[in-house]
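Please keep the sequence and the model in view while reading.

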Amino acid sequence: MNEFVERQMKLTWRPPKKSYDVVIVGAGGHGLATAYYLATRHGITNVAVFERGYIGGGNSGRNTTIIRANYGIPAAVRFYQRSVDLYRGLEEETDRWLMHQQKGILWMAHSEGAVRAERMRAKLNTEFGAQTEFVGPQQVKELCPQLDMSGGGRWPVLGASYHPQGATARHDRVVWALAEGAMERGAHVHQNTPVDGLILDGERVAGVRTAAGDVAAGAVVSAVGGHVSRIAAMAGLRLPIRTHRLQAFVTNHYRQQFGPIVASSELFFYASQTARGEMLLGAEIDPQPSFSYRSSHDFVQDVCRRALCLLPFMSNLRVLRQWTGVCDMSPDYSPIMGQTGVEGFYLTTGWGTWGFKAIPAGGEQMAALIATGEVPELIAPFGLDRFARDRTMADRGSAGTH
Amino acid sequence: MATFLVDGQRVEARAGDTLLVAMLRTGVHPTGGGCLCMGGDCPNCLVTVDGIAYTRSCQARATAGMKVTRDHLGGEEPALLSDEPMPAGNAAPVRHVHCDTVVIGQGDSGREAAREARDADLDVVTLDARDGQHVTGVYPGPLVVASDQAGRVLHVHPRREIVVATGAAEIQPVVPGSDLEGLVTARAAAGLVAAGIDLGRAVALGESPAGLPADSLVAHFPVGEGGWELVRFEGNGRIEAAVVRRHGDATEERIECDTAVLGLGGNPRNALARMASDLPVRVVGGAAMEPELPACPREGTVCPCSRVTVADLDGVWKRGFHEMELLKRATLAGTGTCQGGVCLPYLRSFLLERGGRLQPAFTARPLNRQLTVRELAAGAHTAVTARSPLHDEHLSLGARMDRAGGWWRPWTYGRKDDEYRSVRERVSLGDVSSLGKMAISGPDAEAFLERIVPTKVATIRPGRCRYVLMLDERGYLLDDGMLCREADEDAGDRFFLTSTSGGSGFFELWLRDWAEAFGCDVRILNQTASLAAINITGPQAARLLARAGARELPAFGRHRATPIAGVDCRVVRLSFTGELSYELHHPAADARKLWRRLLAAGAEFSVQPHGLETLLRLRLEKGHIVIGQDTDYDSTPRRLAHEWAVNLNKGDFVGRQAILRTNKQPLDKRLVTLRADDPPPRRTAEDPSAEGAAIHDGERYAGYVTSDAGTAAGGGRPMLGWLYLDAEGNLPREVTVDGRAARRIDGATYDPEGERARAVVDTASESPENVREFPLARPEATDLAIEAPPGPPRFRQLEATRVSATPAALDALIAEPPWPAGALAFRTAPDELLVTASPDFEVAGDPHAIVERETAFSYVWLGEATVERFLDRECEWRRPDARPALAQGEIAGIPAKLWFEAGRTLILTPAPFAAAFQRRLTGSLAEIDGVAG
């Protein structure tokens, strides 16, 4: 027995019905959170979530579990701060151990330009309700004693922005808790049931075609990751989305001694220690669009090399496993949430490398939109129509690293 | 005999002993118990060796002096708290091996596969774990990554096929007590006996073990279908008895023993094949067998890595976790060192029994064998930060260098205030060599540029230059620069276009892509590295240049080619600092000479170079934007208040359609200049700048500051920032920054009329006795026929010529070369040629050809033996077999061109990379010689 064996969650599977009020495509974090908040906040439980594989098997189970709100534009800071706040209460609300751990994020600067960018980030975050401060080298060293402040002699740490509310939670448990919460209130989740098409009734969406037959729906929400372009095409929509690989890896587990999450947008990597003791490392998306789940050796090679510049203690740790997810990237590095122009069809996508941290707020806001028909203020700037209106949400704070 | 320490206790190893065998012979067992397989398939023999945790003791050779800790987590090592820097050059090189076929595993099937391939005249590489060669992963490429006996990392690049002949692992027991010490697999038992280790009273369970003397067994129970069933092992830490019963019979039989030998069947070691399903992989022998599913376990530890029991599996199954992946994630079974090697067969039999459905194995992922972070970093190349040809000059003047836009730039020379004053009051030098620089010519050059930049190009007369924007298709600003039309009428339509330092990396690709997309007949020569550039700025700039021998200087908005201080220069007169400025573009090899002569000529004016920090302040006072700092991903010219740089009436250009569309949307924000009067916005010693601070229009959040130097000039403290229009669509005039009043202004705070930059200059007024003459000495091109000097190979400056012309014209040129015999000509691209001759020839077949002196490269000759050894070690890609041959690509992350002749090879690298390449070359050759010696 290990202390991480799941002992609380109960997943209840039911056979599919012919009709639901709401059908959600994709049982990842966002799809399940939408079902969860529909059930808990709006009492809407005649809901089905269709999943082509198993729950949380896409990016919800492949991300690096970081929760933060230190974004680069006001609307994003507000939105992600809402998510940080919801995450902080989620263990209590669901009465489940999600391994949520507030550990703080240090975003390292190695050049004057980066110092300037991190200072700006701190000020902007503070203005919009996310706690971030710029800290000098001495404080950085106190927060993370393992850092080689000379950066291997080549990447000196000139300072960092410090976001104390930065946290991690076990990604699978978040998914399961939301699934359980939705299921116990009556929502259905159907695994191994791909959605192959949308049923259109004139200008509106009336249901979905699934591997288990046609299902009528009052509203259809696409919460898929990686293949959103295909689902959107079924509704006749062309999305400004490109899909890219994102890779990560963990070492074996070691004793728990590494405190914060550290990131460097100049060395392009970030690292944290999981609750189990693994060092978890990630970096930027692969530059070429791809739907491949293949991992590459040069990714591990390069990230190891870069990480050693700042964290030389890792040199003798063994790397255990690497994996890959595929990220839907929008042109402005911000998510796309809301209505689509096709009646009854809703989208939550463009989750790039920031989907996990947005799960509760994304689900809460999408549920509010579907339940009330009104676009909530918090996500109004993130509508699909923003590209046509030249109101893109260009966010450098999201694109830095993860 | 080799002596090593296990938890401080001395252990003797015999020759050939693995760590595990040596330990067991001394009676020292790894911690945690469990069945030992001695095949690398289980986590039960993990120890820490010399600070490296999670080391499989069955796979490591025992060597003298090793320090072993039985705690496989590394003990209470302080390692996790260490911030001790890595020694320099910590990324060890990788050994690259190219072959036709790589065979992984050298058992019977592996040897057979290798023999067949050799018989077919294929170039075969074999890897075998028993020789210390552990394969960590199979990747696209295809690429097989392995470590070798000496702990080095191998990259094997097979051209045809990967044969996985890794054999089969033995199935481990899962019953109560299966985590006691004293359990071994049948193969492990044979190995231990062969090593002379006494198993004591041994009981065999399952298949009859081979290689064991019959009299060494106290009992044998054929466990399996229809026979005996394994019930449990008893003991306290170590096995004391095995308990079995016949299938269908409750009567238990208890056999006292010291060792249990388990022959429970095989499970294919196919992880490498599974992780490479879409690559040319062939699986043979035991690795290709169908997995035998063991009976569904009833009780005991299923996953020894994560300590997951059958009860744990049952618990999550009952909670609805029915998929293989969910079972794994909910228990962590299969996520440890052995990556499911032990538990996977049991997880499948468990799911089959509970759910009635045989589920596929979970995804196999690298790393199959775990290397350390340091080992994995081997061969990694960190991007080289580009250096200006003046890098060392800055260092010798005490500059603090900073990375900006992919280049090392002097941030300050430590005299910030004087750097500023020298520009405003006297004269100063700034190194702007990092600007992107493109020569563009051809019949379509003007038409091409009209489609590239939003400025009217046709009205730029010869000898004139103009500030231009570069947009993407969405009408957002990508970059900015200056566009000069050549003065020389003979040059036809020839232009010189610059980009910012940060944009220089992708500038050429961007231009070439559009030229191809538009089908324009143009020549493009990237001179970013070929030309250095020095900005002479300040009220005395013209006088300084006159003293350095400048005869005719261009007026504002013009440029001209003229020698200055004995160096061929293109002098461009625009201004970023707000003062009288001349930008001198010149061959990179002459940069240091020119820099020193200009400093000498300016001594009387107390000339002082200025760093990037001062430059950013100077331009801010003029309200000039910096791409990336003041602009964002959605910056249209309208938002940037740069409509004046966009001509929508001149025909199509990149971004025009988007601008026409977005101009119909109401404007939402604008980049503005703000001026704060006393008291200035909050500033502290820690953060003197208001950059990032919120701008408020009354109570309304109205934007943020993008640029603030924290300093005031004559007209108050200038800032740039994004300002959102109010609900009525107006830009507020009076705002607050950090709660302090600031006012939006329409011009610059410094010299708003631009009189200083545009000053009319009379250079003839400099009295002749003050003017130093410098003869213009054009160096001879490098004669590469001369033998390299004796001693270790060293990079040297290449004096050459680069040509951009039509492919047909270059074909003709090479057929009848106008340059002296002995010069080498390298066709670096269909439309580009590098010749080690002086640029005093014409390209007959192309009147638009660009022929320019090229000093951007350094070169070294290496003898055949040396180059082979060096490239074997450092070069990932396959080299050409023919001689002579030109190849280009990265070597150790550094761009290089290689010219292979019979017996020797020329390596060319851009001069700013030469120092890095030299270090790599010297270090690598020394290490190779060290190993060879």
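B:Ile440 stands opposite B:Phe495, a residue of β29(B). The structure is a predicted model, in which local features need pLDDT of at least 70, side-chain atom pairs count only at pLDDT 80 or more, and totals for chains, interfaces and linings use all residues. Residues are numbered from 1 along each chain as its sequence is written, while chains are lettered from A and ligands numbered from 1 in the order in which they are written.

**The sheets of chain B.** Strand β26 (residues 436–441) of chain B is joined to strand β29 (residues 494–499) of chain B by six bridges in the antiparallel sense. Helices (H or I, at least four residues) and strands (E, at least two) are DSSP runs, numbered from the N terminus, and two strands pair if DSSP finds at least two bridges between them. Strands of a sheet pair through backbone hydrogen bonds, either parallel or antiparallel.

| Strand order (chain B) | Edge strands (chain B) | Average angle between neighbouring strands |
|---|---|---|
| β27-β28-β29-β26-β30 | β27 (465–471) and β30 (523–526) | 25°, direction ignored |
| β25-β31-β34-β33-β32 | β25 (428–431) and β32 (559–564) | 30° |

B:Ala533 has B:His585 of β34(B) as its bridge partner. Helix α14 (residues 591–601) of chain B packs on this sheet, where it touches β25, β31, β33 (567–572) and β34 of chain B. The direction of α14(B) makes about 15° with that of β31(B); axes are lines fitted to C-alpha atoms, for helices over the stretch in contact, and angles run from 0 to 180 degrees between N-to-C directions.

**A helix in the interior of chain B.** In helix α3 (residues 186–194) of chain B, the buried residues are B:Ala186, B:Arg187, B:Ala188, B:Ala189, B:Gly191 and B:Leu192. A residue is buried if 20 or more other C-beta atoms, placed from the backbone, lie within 10 Å of its own. These residues pack against several elements of chain B, including α1 (19–25) and β13 (202–206). After α3(B) comes B:Gly196, with a positive phi near 80°.

Chain A is divided into domain 1 (19–63 + 171–241 + 332–399) and domain 2 (105–164 + 243–329), with bounds from an automatic or database domain assignment. The C-alpha centres of the two domains of chain A lie 30 Å apart. Their contact takes 13 residues from domain 1 and 11 residues from domain 2 of chain A, where contact requires C-beta atoms, placed from the backbone, to lie within 7 Å.

The axes of helix α2 (residues 74–94) and helix α8 (residues 359–372) of chain A come within 7 Å and cross at roughly 105°. The helices α2(A) and α8(A) are therefore roughly perpendicular, a term for angles of 65 to 115 degrees. Among the residues of α2(A) that take part in the contact are A:Phe79 and A:Leu86, and α8(A) contributes A:Pro360, A:Ala361 and A:Glu364.

**Where the chains meet.** How many residues of chain A are in contact with chain B? The contact joins 71 residues of chain A to 72 residues of chain B. On the side of chain A, α7(A) gives the most, with nine residues.

Terms used
Two residues are in contact if their C-beta atoms, placed from the backbone, lie within 7 Å. Angles under 35 degrees count as roughly parallel, over 145 as roughly antiparallel, 65 to 115 as roughly perpendicular and the rest as oblique. A residue is buried if 20 or more other C-beta atoms lie within 10 Å of its own, exposed if 12 or fewer, and partly exposed in between; C-beta atoms are placed from the backbone.
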